[in-house]
Amino acid sequence: MKKIVFMLACILLTACASHPEVGQPQAPLDMASVNAYNTKVYHGDTVPASQKVKQAPVNMPLNASDSQPKTTTKTTTTPVVLMPSIGYHYGRYRW
């Protein structure tokens with residue numbers, strides 16, 4: 001038993017002490033294009049004007065659900081089942 005605990009402790013320490021591999025990017029990045037893209041994102045010009053979709057105005061006012069009546073559902077209770085048994089049982093439907 002002591003050998004198993006010792007081996008598990010050694011494996012755990014080895015796993016915690018190992019350094020994760022730090023990956024370097026495979027291709028060098030063109031920083032000019034990255035900065036141009038970040039500028040477009042910052043100003044919101046990522047989609048050309050020909051591809052932009054116009055949104056239709058919404059006919060429903062905000063918080064329209066407040067003016068509608070709320071419906072409630074009545075929850076049904078489980079029926080009581082009388083069964084012969086020996087002893088006093090806790091829980092539900094022990095067959």
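**Reading the labels on a predicted model**

Tutor: The disulfide count here comes to zero. The model is a predicted one.

Student: What makes a pair of cysteines a disulfide?

Tutor: The pair counts when its sulfur atoms lie within 2.5 Å. By this rule the count is zero.

Student: Is Cys16 called buried or exposed, and why?

Tutor: Exposed means over 50% relative accessible area. Cys16 has 60%, so it is exposed.

Student: Why is Cys10 given another label, partly exposed?

Tutor: The label covers values between the 20% and 50% cut-offs. Cys10 stands at 31%, therefore it counts as partly exposed.

Student: How is Lys40 classed, and where does it lie?

Tutor: Lys40 lies in helix α2, residues 31–43.

Student: What does the comparison give for α1?

Tutor: α1 has 16 residues and reaches 22 Å from its first C-alpha to its last, close to the expected 22 Å.

Student: Why is α1 said to lie largely in the open?

Tutor: Buried means under 20% relative accessible area. Of the 16 residues of α1, zero are buried, so the helix lies largely in the open.

Student: Where is Leu8, and what makes it exposed?

Tutor: Leu8 lies in α1, residues 2–17. Its relative accessible area is 53%, over the 50% cut-off, so Leu8 is exposed.

Student: Which residues form a nonpolar patch with Leu8 on the surface?

Tutor: Ile4 and Ile11 form it with Leu8, and together the three have about 310 Å² of accessible area.

Student: What holds for the whole protein?

Tutor: The protein has two helices and zero strands. Buried residues make up 1% of its 95 residues. The accessible surface is about 10600 Å², with 62% belonging to carbon and sulfur atoms.

Key: Residues numbered from 1 in each chain as written. Predicted model: local features only at pLDDT ≥ 70, side-chain atom pairs only at ≥ 80, totals over all residues. Heavy atoms only, no water. Patch = residues over 30% accessible without salt bridge, like charges linked within 9 Å, V, L, I, M, F, W, Y side chains within 5 Å. Areas by Shrake-Rupley, 256 points an atom, 1.4 Å probe, with all protein chains shown as cover. Salt bridge = Lys/Arg side-chain N within 4 Å of Asp/Glu carboxyl O. Helix = DSSP H or I, 4+ residues; strand = E, 2+ residues; numbered from the N terminus. Buried < 20%, exposed > 50% of the residue type's maximum accessible area, 1.4 Å probe, protein only. Expected span 1.5 Å × (residues − 1).
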